[in-house]
Structures are given as C-alpha cells and as structure tokens.
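Let's explore this protein together, one question at a time. Have a look at the model first, then try each question before reading its answer.

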Amino acid sequence: MLNAERNDLHRWWLPLAAIAALFGVLLFLFPFNSGDSSLNAPLGLALWAIWTGTGLDTDQDHSYCLLVPLMVGYVLWEKRAELARSVRTGSNTGLLAVVLGLFVFWLGARAGKQYMGFIGIQVLLYGLITWFWGGTMFRKLLFTWAILIFAWPLPFIDTAVAFPLRMIVSTAAHHVLNVIGIANLQSGTALVSAPTAALASGAKFQIDVADPCSGLHSLLPFLMFSSFYCYFFLPRTWQKWIVFPSTFIFAITGNIFRIVMLVLGCLFWGSDFALGTNDQPSHYHEGCGFAVFAVGLGLECLFGSLLVHFGGGKHEEAPAASAKPENPAPVIPAWRDGTVFAFAAVMFVLVFITPPIVLPKEPGVVMELPDEVKLANLDGGHFYGSTAPVSDAEHRMLPKDTEYARKNYDDFHRHQIYFSIVLSGLQQYTIHPPEVCLVAQGWTILSHEDIPVQLDSGHPLMVRNLSLTRNETDRAGQVHQRKSYYMYWYVADGITTASHLERNLRSSWDRIVHGRDHRWAYVIAQAYIGDSVYPDGMNAGETREMLTAFIRQIVPTFEKSEIPSYTANR
C-alpha cells in the first residue's frame with residue numbers, strides 16, 4: 001500500500017506539482033505584454049480579462065474560451081482509466097521542447113506578441129508531457145492538447161479566415177435575397193435596399209456583415225463545438241475528417257440565414273426592432289445571432305448522423321488492454337521533477353530582473369493638420385481643409401485612447417483629397433493594414449506599388465499606393481465605376497515605413513533588443529481619379545502626381561522629424 005502511494009507520488013503528484021509551479025509563474029507572475037496592448041500584465045490575468053470581458057477594450061466574443069477548461073477536464077475524466085493504464089516512460093527529448101517553449105514564451109513577452117506566448121505554452125505543454133510520461137502519453141492526450149488552442153484569443157483569424165468568409169456570406173446573401181424577390185445592392189460586406197422611385201438606396205434596410213456583432217465572429221466557437229462533437233459522437237476517423245472541415249460550410253449557411261432574417265425583420269417591423277443600435281442591439285438582432293448556432297450546428301449534427309447511418313455506426317475498436325501494463329513504467333526520477341522546479345525558479349527570478357518595456361509618451365507626429373495647402377503647377381491648387389468626421393464604427397472598434405486628425409481638402413476646381421492621421425494609444429491594434437477595411441467598404445484593389453516621395457528636407461519618404469475601384473450607385477439608381485488612389489504609410493518617432501510587416505518587425509526588434517516600443521501613426525492620403533468622376537477630370541497619372549505633390553507639401557507640417565523646431569531639440 002505504502003509502495004503504491006509512493007509510486008503515485010513520483011509518477012503523478014510531484015510532476016504535476018512541478019508543472020503547476022512553472023505555469024503559476026508564467027501565467028500569474030511573469031510580466032507579459034497583453035497582446036495588442038503596451039501594458040505589461042501577467043498573461044493569465046490578461047486572458048481572464050479577455051475571456052470575461054472585464055478588461056480594457058476586451059471582446060465579449062471570447063467568452064467561449066471559458067468553456068475550454070471544462071472541456072479539457074471532461075476529456076481527461078473520460079480517459080482517466082486509459083491514462084492510468086498507459087506506459088509512462090519519460091523522454092529526454094521532451095527537455096528540448098521545454099526549453100524551446102520557454103524561449104518562445106519569453107520572446108513573445110518581450111516582443112509584445114501574444115500569439116508567440118500562446119505558441120510557447122503549447123510547445124511547453126508538449127515538452128512537459130513527453131519529459132515526464134513519454135510520447136505515448138502525449139499521443140493519448142493529443143486531442144486534449146489540441147483543444148487548448150481554443151482557449152487563446154485569436155483575432156488574426158478575423159483577417160485571415162473570417163473576413164474572406166464574410167465576403168462569401170455577403171455575396172451569397174445578396175443573391176439569396178434577390179432570388180426571393182428582395183431587391184438589394186452589395187457594397188463590400190454591406191447589403192442595402194435598392195433605390196425606388198420614392199426611396200433612396202438603404203432606406204428600407206442596411207446590413208453590414210462586417211459589423212463587430214457579425215455572426216462570423218462565432219467561427220472559433222463553431223470549430224470548438226465541432227471538434228468536441230466529432231471526437232465523441234462520430235465513431236469513424238474518416239467521418240470526423242469529413243464533418244470537421246465542413247464546419248466552414250455550415251457556418252456560412254447559418255450566417256446567410258441570419259442576414260436573411262435580419263432583412264426580413266427590417267422590412268416587416270423596421271430597423272429599430274430588427275437591428276437596434278450598435279451599442280444596444282435589439283433582442284431580435286441578438287436572437288438571430290443565436291440562430292447562427294442553431295442552424296449551423298444543427299445542420300452539422302444532421303450531416304454527421306447521416307454519415308454514421310450510411311457509413312457505419314460502431315466505434316473503432318481499440319486494442320484490448322490488460323488491467324496492468326505488462327512492463328510497468330519505472331518511477332519518475334526526482335531529478336526530472338527538480339529540473340522543472342528549477343525552470344520555474346529561473347522564470348521567477350526573471351520576473352524581478354527583466355526591465356519593463358518603455359513606450360514613448362510623445363508620438364512622431366503633430367496631431368493637427370493645416371487649414372490650407374498650396375500646390376504649384378495645378379489649376380486651382382489652393383486646397384482648403386474642413387474637418388472630416390470619425391465614423392461610429394471606428395469609435396466603437398478602436399481603443400478609446402486612439403487619436404485622430406482628419407480633413408477633407410478641396411481647391412474648388414474639382415480636386416478633392418482626403419487626408420487622415422490615426423494615432424495609436426497604449427493599445428497597438430489601432431494600427432493595421434488597410435487592405436481588409438477597403439475591401440469591406442466595397443473597394444477592389446487592382447494593384448499596389450511603393451512610391452518614393454522626395455521631401456524638401458532631402459529625406460525620402462516611401463508610401464504605398466493602392467489602385468482601387470468600386471461601383472457606386474447614385475440616387476437615380478445609376479451605377480458608376482469609380483477609381484481611386486489610396487496612399488498610406490506608418491510614422492513613429494524618427495521612423496517611417498510603408499510596410500506593415502516592417503513596422504511589426506521593427507517594433508518587435510526594438511522591444512527585445514532595446515527595451516522600447518514605438519507609438520505608431522497611420523497616415524492616409526486618398527483621391528478619386530478625376531476622369532472616373534468628371535468627363536474632363538484628371539487621368540490616373542495626373543491624379544498620382546497631385547497626391548504625391550500634396551504629400552510633399554503637407555508632411556513637413558505634422559511629421560516631427562521634418563519640423564526644424566522639433567529636430568533642433570533632439
């Protein structure tokens with residue numbers, strides 16, 4: 001009896017205590033940048049704030065992550081007998097994964113990249129399991145290890161996967177509505193009612209599939225529930241690998257149903273009843289959000305049931321296992337536990353000796369645009385600026401400490417330029433590549449190029465120019481193709497770049513090596529190509545030259561590195 005308890009102590013309880021000590025330090029003591037924020041906080045506390053929606057600018061859509069520990073606990077309980085019978089022989093190669101996981105976690109903490117921290121934790125878990133109990137145990141825990149991925153907030157999925165799906169949903173819903181006799185127009189991810197003789201377009205309904213309450217924010221919960229369903233309720237491996245990828249199809253179907261129901265609600269009871277407001281969606285609106293799950297998961301379960309009915313309904317038999325392993329694993333040596341406790345101690349010491357990341361309080365731009373800009377060699381060329389509004393969507397989606405300087409410039413000779421500066425605060429996700437937003441606004445990106453603009457100071461400024469086109473409908477219902485140039489770049493203190501990747505790499509490098517971050521500003525200059533608006537308007541080359549000349553004139557008014565009064569004090 002005493003020997004059995006002693007064996008359990010060394011085979012289970014001491015390794016688990018060592019693992020708990022290491023993760024306790026990493027998640028609740030180690031200062032980790034909370035992802036897109038420049039505020040250092042232990043990753044575990046930041047995750048709890050994101051999961052529960054109690055932190056600064058957190059997203060309630062991540063509340064599904066709270067279910068992951070329950071799912072993991074349930075799977076472990078279901079497999080407890082199988083795990084108890086497993087051969088538990090530690091592998092020395094697991095130590096390499098432990099070291100790699102800790103290093104990646106540390107890099108993520110210093111670079112301010114939450115995703116690297118998540119990757120580090122997953123690698124670390126793999127290493128600890130194999131270090132203590134071997135590769136056989138990890139293979140038995142593979143599903144449990146994999147579903148932990150759903151515990152990590154992954155907003156980049158919205159850009160990489162969910163946004164293309166939203167475009168598919170918007171296009172499909174547009175066609176479905178037309179088929180059932182509801183005339184509508186599509187502009188990017190937005191659907192609006194078609195104009196009539198008495199009503200302008202959008203008078204009856206305006207639905208934006210890219211809204212933050214979009215049902216496709218449910219993609220990760222969809223995948224999480226789908227993985228659970230496939231693992232426990234589909235007996236054949238081939239059935240699981242057919243049903244799980246089909247989650248995307250059922251998510252799209254559920255969201256098309258949601259859009260159609262919202263449109264019908266607007267037509268029958270009005271937008272106030274069907275949609276509500278951005279801050280306070282209506283009960284009907286929220287109910288349609290739940291309908292996404294009811295329809296999507298219902299169809300998936302039906303599909304899985306059909307595969308089981310026609311493809312075999314018995315679970316694949318696992319090899320028979322004896323009550324006791326033929327070759328019982330030796331007791332885990334104490335030095336393996338000690339090694340992990342030592343790693344925990346090292347990370348604990350790093351908590352106190354790691355210097356904090358410094359975020360400059362002063363940005364590299366002056367958040368005030370000039371009232372006038374004069375261009376030579378342009379008919380008119382004397383531009384007057386008027387304040388351009390910040391949209392409700394920007395106020396809603398971007399952090400509260402985001403700053404804006406934005407004007408519409410017009411020389412009253414059919415030359416208009418939109419100019420904007422968006423300055424990040426403590427939270428850095430304010431700054432993002434514009435390509436996704438532009439497509440959501442209905443623009444098609446035809447091409448892009450990097451253009452050098454020679455400033456009067458002699459410094460070159462590299463800007464990225466996007467060539468855009470979209471169809472716009474006037475009040476008479478006539479569709480016109482508009483073309484535009486959209487030039488943008490990023491500015492920090494003494495740094496400019498046109499590349500989002502370079503901006504991220506520069507920030508990460510300076511955080512890791514120099515212990516400081518940058519407060520980035522995102523600068524935009526946009527103008528319609530004249531001859532797509534007026535028959536005698538400027539052509540593409542002339543519009544491009546006007547924009548670069550405008551940038552050349554306006555940059556020395558707001559970029560501190562080009563303002564003598566600022567550079568003299570550096």
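Q: What share of the contacts in the protein with a separation of 6 or more comes from residues 24 or more positions apart?
A: This is a predicted model, where local features need pLDDT of at least 70, side-chain atom pairs count only at pLDDT 80 or more, and totals for chains, interfaces and linings use all residues. Residues are numbered from 1 along each chain as its sequence is written, and side-chain values use heavy atoms, with hydrogens and water left out. A contact means heavy atoms within 4.5 Å. Among contacts with a separation of 6 or more, the share from residues 24 or more positions apart is 68%.

Q: How many helices and strands are there in the protein?
A: Both are DSSP runs numbered from the N terminus: helices are H or I with at least four residues, and strands are E with at least two. Counted this way, the protein has 19 helices and 14 strands.

Q: Which residues touch the most other members of the largest nonpolar core?
A: A nonpolar core is a set of buried Ala, Val, Leu, Ile, Met, Phe, Trp, Tyr and Cys residues joined through side-chain atoms within 4.5 Å. Buried means under 20% relative accessible area, exposed over 50%, and partly exposed in between, using a 1.4 Å probe and protein chains only. In the largest core, which has 74 residues, the members touching the most others are Leu22, Leu128 and Phe132.

Q: Are helix 5 and helix 17 roughly parallel or roughly perpendicular to each other?
A: Axes are lines fitted to C-alpha atoms, for helices over the stretch in contact, and angles run from 0 to 180 degrees between N-to-C directions. Angles under 35 degrees count as roughly parallel, over 145 as roughly antiparallel, 65 to 115 as roughly perpendicular and the rest as oblique. The axes of helix 5 (residues 94-111) and helix 17 (residues 500-514) come within 8 Å and cross at roughly 105°. The two helices are therefore roughly perpendicular.

Q: Which residues of helix 17 does helix 5 meet?
A: On the helix 5 side, look for Trp106, Leu107, Ala109, Arg110 and Ala111. Their partners in helix 17 are Ser508, Arg511 and Ile512.

Q: Where is Thr354, and is it buried or exposed?
A: Thr354 sits in the loop between helix 14 (334-353) and strand 6 (372-374). Its C-alpha atom is separated by 9.4 Å from that of Phe30, 324 residues apart along the chain. With a relative accessible area of 18%, Thr354 is buried.

Q: What value is phi of Phe412 near?
A: Most residues other than glycine have a negative phi. Phe412 lies in the loop between strand 8 (403-410) and strand 9 (416-423), and is exposed, with a relative accessible area of 63%. Its phi is positive, near 60°.

Q: What value is phi of Arg414 near?
A: Arg414 is also in the loop between strand 8 and strand 9. Arg414 is partly exposed, with a relative accessible area of 47%. Its phi is a positive value near 65°.
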